[in-house]
Amino acid sequence: MKHYIRGRKLALAAAMAGAVAALAFLPAWAQMPQRQPEVKGPWMDKNLSPDKRADLVLEQMTLDEKMQLVHGAGGFNQAGPRSNGGAGVIAGIPRLGLPDVQLADSAVGVRAAAERGRYATLLPSTIGEAATWDPKLAFEYGKLIGRELRDQQYNASLGGGMDITREPRNGRNFEYQGEDPVLAGKMVAQLIRGVQSQSVIGDVKHYAFNDQETGRGIGNVKLGKRAMRETDLLAFEIAVTEGQPGMVMCSYNKVNGDYACENSYLLDSVLKKAWGFKGFVLSDWGATHSTGKAALAGLDNEESGSRYFGDALKTAVTNGEVPLARLDDMVHRIVRTEFAAGIVDDAPRGRVVDPFTGAELAQRIAEQASVLLKNDHGQLPLRAATVKSIAVIGSHADSGVLSGGGSAQVDAPGAGPARWNQPVWFPSSPLEAIKAKVPKATVEFNDGADPAAAAALAKASEIAIVFVNQPTSEGRDLPTLTLPDKQDDLVTAVAAANPHTIVVLETGGAAAMPWIDRVNAALEVWYPGIRGAQAAANILFGDVNPSAKLSVTFPKTDADLPHPKIAGLDRMPIPGPDGRPRMQEFDIDYTEGLKVGYKWFDAENKQPLFAFGYGLSYTTFAYSGLKAAIDNVSFAVRNTGKRAGVEIVEVYAGLPAAANEPPKRLVAWDKVALAAGESKTVTLPLDPKFLSIFDEQKDDWEFLPGEYKIFVGSSSRNTPLTAVVTH
Ligand code: BGC
């Protein structure tokens, strides 16, 4: 027995020695300290408010410790052993119990999992999440991201993208929330609440007006204060005040002459003073351009390095250019955010990401995010029991679904790290998902490279489903809304060969569809996430009744946009002082002002291809009995079809003529589930803020007296109920 115990002890000792030896060979990141030391101090009292705790811990800090918090310790793996593999780290102060802030890109799922052999769920694009018009689902979206961040030992999310879709060709629209400030603001607010419910610091970005990627680091956005406050800034205002994010990321571009990260109007007057933001402003990666100017304008943290907020800021504080009180304010904001989010008291411990619940949620969101754009002759849903043959064509539909590129890119299961600007297809095969619905039918695939061959297969099949795609990414805009790679020719050829052609679009946002009159049905699935194919098949075969409505206008052509060509797109780089080509600064003059998205199309009397708020169901709905007052509306909505469905009911307001506003703006909505034949009365309060205009003279919102038109219906262009109310 003794011998046995001794043997076990020896084995244990040998194993421990081996483990210690192995540790020495582990990569630096794997040796990262996982636990905070036990720290005692009055600021560790969880019963105190985050502000009080921040005051108490700030009193203990040396100047160098304060300085350490106001800049990043290096992007990605530059932070050495401190890095958890994310986009950045703010080095913590162990003696005070303050953890490293591990920042990870996580717009549509956690980025950069592959390098460390981790897994992350790819959710549908947020532009699709916005098309659910369901703030509760937005909360679920954020909660899942928060949970997977924690699982991977991150405690801060770089997500919450919400630049308004002013420029439908912007390469990042897929990671934003559409063109309407109220819809985007309400959805992001709940997404942030979901992230932060997991003891992870949430973020909204990119503040502000980073509405195009072309020249994002040198473009100067020109826009008046009223237009700013009523469009993009209204979205941020709602997200900041209702979502209470810990961080706001300022953007690369200039706004009215000053870089966003040193713009005192944006950072100080509006975000901190008018909206009462208590968290901290961090710069986009490399978007800090000065020390004193940025610090005094309201930037609190430089990412991802320390060029301006390291030694240079220390000198500026020492010589009085930046008051110590301002440095203390920066640090207070950062530390109070850490306490408020719970990352000091409840550090992530590391867990295996649960791919199953992630996939289930991704599918549920995709099913509610996919917009049925056209369905003539009852083409959809397909009748699984009677369909004999289906041609599945194009867009790698045999193997997967498309995802969005750039810092919102999630690594695909079974693949290595994604490469910048190279489209990534996720293993959710539309072909297999369709086959699974109709095991007895013939389902064949053609890759669409040769339109004639695709048309031949379509001709020989009862139904043709063409998948088309539009890859988009951070760092570049689409030159046009026309689908790339001559996919329009493919659809046209297939539609000519088969009268039962259905198009499924995997796009980052709006796309032109010159063939729309020739196909029976079209379904917009955006970038639909890890279970995108199953979600699409469920809609195509009617297991799910579609309910989503467009979060952006789909124009017919680029010519109908406020700027038929993107500002800066045709600029040629010129040699800089070092001989290397540089782009010269240029203005991005948002001459459309208030007229963003549907407001432009309404004001200019242009017919869009598909209007904002539009989307079909497999059933039909009728509206009646509007009773409107200035502070609420009520009306009835009835399911007039033969199957259960969910209708997103939309309320718009037209302001008095003196307001000089576009014809209508979204002011309220609801999502109503109705059995066949069922009718419900919907009552919705109207928020006076959403009926107001921003008065530049007063520097405040103004609810003008006069007559307000109320429009109720199923989209911004279909409002069967109207009323006039007086304020
Ligand atoms: C993007 C941010 C991102 C950051 C860190 C920047 O290029 O604009 O959205 O969070 O990189 O990866």
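E506 counts as buried, because its relative accessibility is 1% and buried means under 20%. This is a predicted model.

**E506 and its surroundings**

- E506 sits in strand β16, which covers residues 501-507.
- Beyond its neighbours within four places in sequence, E506 touches several residues, among them S395, V401, L402 and W425.
- The contacts of E506 also include F467, V468, N469 and Q470.
- V525, W526 and Y527 are in contact with E506 too.
- G74 lies 432 residues from E506 in sequence. In space, the two are 35 Å apart, C-alpha to C-alpha.

- β16 and β17 run parallel and are joined by 4 bridges.
- In this pairing, I502 stands opposite A521 of β17.
- β17 spans residues 521-524.
- Side chains in a regular strand alternate between the two faces of the sheet.
- In β17, A521 and L523 point one way, while A522 and E524 point the other way. All of these residues are buried.
- β17 also pairs with β10 (residues 371-375). This pairing is antiparallel and has 4 bridges.
- L372 stands opposite L523 in β17.

**The sheet β21-β22-β25**

- Here 3 strands form an open sheet, in the order β21-β22-β25. The pairing is antiparallel.
- β21 (621-628) and β25 (679-685) stand at the edges. Each has a single partner strand, so one side of each is left without a neighbour in the sheet.
- Neighbouring strands of this sheet are turned by 20° against each other on average, with direction ignored.
- β22 covers residues 632-639 and pairs with β21 over 6 bridges, in the antiparallel sense.
- A628 stands opposite V633 in β22.

**The ligand**

- There are 15 residues around the ligand. D105, R172, H206, D284 and E474 come nearest.
- A ligand oxygen atom is 2.5 Å from an N or O atom in the side chain of D105.
- For the side chain of D284, the distance from a ligand oxygen atom to an N or O atom is 2.6 Å.
- The side chain of Y252 has an N or O atom 3.2 Å from an oxygen atom of the ligand.
- Taken alone, the ligand exposes 310 Å². The protein buries 94% of that area.

Conventions:
Residues are numbered from 1 along each chain as its sequence is written. This is a predicted model: local features need pLDDT of at least 70, side-chain atom pairs count only at pLDDT 80 or more; totals for chains, interfaces and linings use all residues. Side-chain values use heavy atoms; hydrogens and water are left out. Helices (H or I, at least four residues) and strands (E, at least two) are DSSP runs, numbered from the N terminus. Buried means under 20% relative accessible area, exposed over 50%, partly exposed in between (1.4 Å probe, protein chains only). Contact means heavy atoms within 4.5 Å. Two strands pair if DSSP finds at least two bridges between them. Axes are lines fitted to C-alpha atoms, for helices over the stretch in contact, and angles run from 0 to 180 degrees between N-to-C directions. A residue is near a molecule or strand if one of its heavy atoms lies within 4 Å of it. A polar contact is a pair of N or O atoms within 3.5 Å; within protein, one must be able to donate a hydrogen and the other to accept it, and residues adjacent in sequence count only if both atoms are side-chain atoms. Accessible areas come from the Shrake-Rupley method with a 1.4 Å probe; for residues, only the protein chains shown count as cover.
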